[in-house]
Amino acid sequence: MIKHILSAEQFTKEDIDSIFHRAHEMAVALQMPSALGGQPLMSQTLCGRTLACLFYEPSTRTSSSFIAAMCKLGGHVIPITQGVQFSSVVKGETLEDTILTLGQYADAIVLRHPEIGSAHRAAEVSPIPIINAGDGIGEHPTQALLDLFTIQQELGRVSNLKVAFVGDLAHGRTVHSLLDLLNRYESNQFFLVSPFLLRLNRNLPDPKENCVYNRVKDKVSKAVCVGKEGLYEAEDILREADVVYMTRVQQERFTYDSGYRECKDSCLLTTELVGMMKPSARILHPLPRVNELPREIDSDPRAAYFRQVKAGLHIRMALLAMVLGV
Ligand code: NCD
């Protein structure tokens with residue numbers, strides 16, 4: 001069986017535990033002085049293995065963390081990350097043919113593509129594992145794993161949490177995958193804070209293990225989204241939340257500029273709002289940020305988004321070691 005990573009849905013709690021365990025080992029090995037054997041041992045792990053990074057959409061963190069992870073584990077990378085405009089895609093090559101080609105050179109492919117379902121399409125023809133690094137506005141499972149890992153590290157638990165998802169929930173593939181993962185742990189409550197245009201408009205996963213979804217009163221377009229549990233004011237949610245998961249409004253996904261203009265300033269975090277949050281709460285963001293998260297917040301201990309970036313390296317090292325079968 002090829003070990004593809006296509007969707008958050010595929011992971012059981014046991015899988016997640018073992019990925020986190022492996023990621024923790026990677027983090028420890030990275031910190032270990034070479035003399036104690038951590039780094040040299042680790043750099044044998046994927047010796048002789050090759051990863052193709054095929055990105056049809058821009059990326060900074062996802063592409064470079066996979067490349068860094070592969071390098072630290074002693075493997076090699078075929079980087080098609082500077083844009084497929086330099087590949088045969090511009091000559092009209094299909095996704096399937098590009099995948100079949102890379103399958104002759106590499107041992108796994110990390111794929112980012114603008115269409116929902118593209119990773120599944122790739123997996124149908126691929127002779128080697130496909131890792132979904134974002135399929136349009138669909139999913140981003142490896143980001144969700146690193147988000148969950150960050151929550152575990154920062155708060156010591158992934159259950160019994162109040163999590164506010166803020167911003168562009170329609171286009172935010174990281175939100176879709178993280179909701180799916182958090183939904184399998186008990187007693188999590190989700191607050192969906194977004195303008196009506198950017199509301200989470202896909203079916204919510206069935207609430208499991210006492211999880212509850214709440215939509216939040218929308219001040220921007222004056223539309224009101226009532227969830228299963230009623231109506232909340234955004235400030236009340238900030239006061240109660242354990243995790244505030246911020247996202248940017250994804251300008252590139254809008255068909256009309258007017259829609260973007262209406263929404264772009266709708267969900268901005270300010271130092272004043274952060275001041276309302278619990279001292280134990282954490283702010284996460286998959287990044288890149290635009291205007292929703294001012295830099296003054298970065299020095300607040302609750303701002304966890306650059307630690308989240310680091311966790312991404314550890315999770316992707318763990319995933320590559322697992323997918324490439326070592
Ligand atoms: C996100 C993505 O590409 O979905 N970024 C990421 O992978 N870290 C979020 C975004 O682009 O806003």
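Which residue in β4 is the bridge partner of I109? It is I130. The model in which this pairing is found is a predicted one, where local features need pLDDT of at least 70, side-chain atom pairs count only at pLDDT 80 or more, and totals for chains, interfaces and linings use all residues. Residues are numbered from 1 along each chain as its sequence is written, and side-chain values use heavy atoms, with hydrogens and water left out.

The bridge between I109 and I130 belongs to a set of 4 that join strand β3 (residues 108–113) to β4, the two running parallel. Helices (H or I, at least four residues) and strands (E, at least two) are DSSP runs, numbered from the N terminus; two strands pair if DSSP finds at least two bridges between them. β3 and β4 are part of an open sheet of 4 strands, ordered β2-β1-β3-β4, with parallel pairing. At its edges stand β2 (76–80) and β4 (130–135), each with a single partner strand, so one side of each has no neighbour in the sheet. On average, neighbouring strands of this sheet are turned by 15° against each other, direction ignored. Helix α5 (residues 118–125) packs on the sheet and touches β3 and β4 (contact means heavy atoms within 4.5 Å). The direction of α5 makes about 160° with that of β4; axes are lines fitted to C-alpha atoms, for helices over the stretch in contact, and angles run from 0 to 180 degrees between N-to-C directions.

Aromatic rings come next. The structure holds 5 aromatic pairs. The ring centres of F165 and F190 are 6.2 Å apart and their planes stand at 55°, so this pair is tilted. Rings of Phe, Tyr and Trp (its six-membered ring) pair if their centres lie within 6.5 Å; planes under 30 degrees apart count as stacked, over 60 as edge-to-face and the rest as tilted. The pair links distant parts of the chain, 25 residues apart: F165 is in strand β5 (residues 162–166) and F190 in strand β6 (residues 189–193). Both F165 and F190 are buried, meaning under 20% relative accessible area, with exposed over 50% and partly exposed in between (1.4 Å probe, protein chains only). Together with Y245, F165 and F190 form one aromatic cluster.

Helix α11 (residues 305–323) has 19 residues. Of these, 14 are buried, so α11 is largely enclosed by the rest of the structure. After α11 comes G325, whose phi is positive, near 75°.

Notes:
The expected span of a helix is 1.5 Å times one less than its number of residues.
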